[in-house]
There are 2 protein chains.
Amino acid sequence: MSCRIVFIGAGNLATRLSLELQGKGYITEQVYSRTESSAKELAVRLNARHTTNPADIVAGAGIYFIALKDSAWDEVLPHVAFGDSLVVHCSGSMPLSALKRFAKNTGVFYPLQTFSKDTPVHFKEIPVFIESASGEIETKLREVAESITGKVSVMDSESRLHLHVSAVFACNFVNHLYALAAEILSKKEISFEVLHPLIMETAGKIQHSTPVQAQTGPAVRFDQNVISAHLKALESDPGVKELYERLSESIYNYHKKM
Amino acid sequence: MSCRIVFIGAGNLATRLSLELQGKGYITEQVYSRTESSAKELAVRLNARHTTNPADIVAGAGIYFIALKDSAWDEVLPHVAFGDSLVVHCSGSMPLSALKRFAKNTGVFYPLQTFSKDTPVHFKEIPVFIESASGEIETKLREVAESITGKVSVMDSESRLHLHVSAVFACNFVNHLYALAAEILSKKEISFEVLHPLIMETAGKIQHSTPVQAQTGPAVRFDQNVISAHLKALESDPGVKELYERLSESIYNYHKKM
């Protein structure tokens, strides 16, 4: 197999993964994105060509990485002449089988991390989950994955979906709670920075203990005085107040079960 | 004022704060806790005496630190002969005025961090918020706080309550989301460790950008295909599924406002 790569998608994941692979000697030949500026920006960083036209995606690459929102697949993938090339998607939530309609040789290459175009990450620590119906493809994907990380596992589509859901809780939802915390502080003109050490400590704690052991706060203590004072403080924001109640209930019920 | 200290409470905060102050030359004379084992354990670490009887708490200390669940105040504090000594509480949610019933010279000393008895923390980075109606007491509290951290601020009780609510979102609720993520993974026998790098990156990102800039995931993209797949994966756990829906709605509504 050739090592020439095409990236279909030029978002956060495509950017960080393609740059990391470039550092390991993999050459990205072309970048596709619907958005001209995104396609061009990543292509320049990779010294590759770019296109916004699915029909202009080159044939015969070694690997096509699909890093598109899955709702965009149908607009793009039917127009690409994949032939016998290896086509892999990078989505936690899509099954391997979803690629069958578009290509013969398929796989999944899912790095579990939150990516931003301009924030380098330590790939060596990032778990990458691969899947393929073919042993040969699995070997190839393992080789590519092991070039960037020490943490490669084979995982089936259903487990990967659950993994993706858990990542939404541990990353996307967590970040939203940071946003709500920032909003609560801004009403009293307190800088969000005061929470930085607390946030790092909270994340750091569960690297060495379980989240159940690490749980603190009024809800797990069932400290109704504090909870009432908090709900009163949130009265001007009913949406945030309701989330406070739901999450407190969830903590209380969760620990009652233990 | 004398530097002799009494800790009323021997929980996570009392343990870390008293040990840190000990390292800076402050001497804890006595530890009170309702629970004999907790009182004794901390007293041994501090080379102090301990008691479980509020009436045996010594008189005439330089500072009494109240680090009790506030629902326990009424059982304990009326029995202590505070006299003219300085009495400070360490609670984010209780106003300064709540101490007036028990003592003449009062203040607040609130370190914003999540503490565990056996996990040392870098106090130097931890913001400490102080409050007192007296300038003299404020100066004393600032001196004590500055011995352990470079981040000392004066904050009034109402702002501190909001700060405490924001900390519940950024720490206690966040930790609960880690627990739910672990539970989702355990159903597929996936180790929680796979999420460690994602959790650290998510916390690390907002040290340099705002949570609004850092938001990723299906809810902010309004990616309904992915959301539907996730909800289906959560069908066996209605409580978690409902939280997923609430948090996704909250993210979507929050970013729509922007």
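## Close-up views of a two-chain predicted model

View 1. The model is predicted, so local features need pLDDT of at least 70 and side-chain atom pairs count only at pLDDT 80 or more, while totals for chains, interfaces and linings use all residues. Residues are numbered from 1 along each chain as its sequence is written, chains are lettered from A in the order in which they are written, and side-chain values use heavy atoms, with hydrogens and water left out. Glu242(A) forms a salt bridge with Arg246(B), the closest N and O atoms being 2.5 Å apart; a salt bridge here is a side-chain nitrogen of Lys or Arg within 4 Å of a carboxyl oxygen of Asp or Glu. Arg246(B) lies in helix α10 (residues 238-257) of chain B and Glu242(A) in helix α10 of chain A, so the pair joins two chains; helices (H or I, at least four residues) and strands (E, at least two) are DSSP runs, numbered from the N terminus. Arg246(B), at 26% relative accessibility, is likewise classed as partly exposed.

**View 2. The interface of chain A and chain B as a whole.** Contact, meaning heavy atoms within 4.5 Å, involves 87 residues of chain A and 86 residues of chain B. The two chains bury about 8300 Å² between them, 69% of it on carbon and sulfur atoms, buried area being the accessible area (1.4 Å probe) that two parts lose on being put together, summed over both. Across this interface the rule finds 36 residue pairs in polar contact, with both residues at pLDDT 80 or more; such a contact is a pair of N or O atoms within 3.5 Å, and within protein one must be able to donate a hydrogen and the other to accept it, while residues adjacent in sequence count only if both atoms are side-chain atoms. On the side of chain A that touches chain B, the largest share, 27 residues, is supplied by α5(A). Six salt bridges are also found across the interface.

**View 3. An aromatic pair in helix α5 of chain A.** The ring centres of Phe169(A) and Phe173(A) are 5.0 Å apart and their planes stand at 80°, so the pair is edge-to-face; rings of Phe, Tyr and Trp (its six-membered ring) pair if their centres lie within 6.5 Å, with planes under 30 degrees apart counted as stacked, over 60 as edge-to-face and the rest as tilted. Because Phe169(A) and Phe173(A) are four residues apart in helix α5 of chain A, about one helical turn separates them. Both Phe169(A) and Phe173(A) are buried.

**View 4. Two salt bridges within chain B.** Arg4(B) and Glu29(B) meet through their side chains in a salt bridge (2.2 Å, N to O), linking the segment before β1 (5-8) of chain B to strand β2 (residues 28-32) of chain B across 25 residues. Arg4(B) is partly exposed at 31%, whereas Glu29(B), at 16% relative accessibility, counts as buried. Lys187(B) forms a salt bridge with Asp237(B), the closest N and O atoms being 3.4 Å apart. Lys187(B) is partly exposed, with a relative accessible area of 49%, and Asp237(B) is buried, at 17%.

Methods. Buried means under 20% relative accessible area, exposed over 50%, partly exposed in between (1.4 Å probe, protein chains only).
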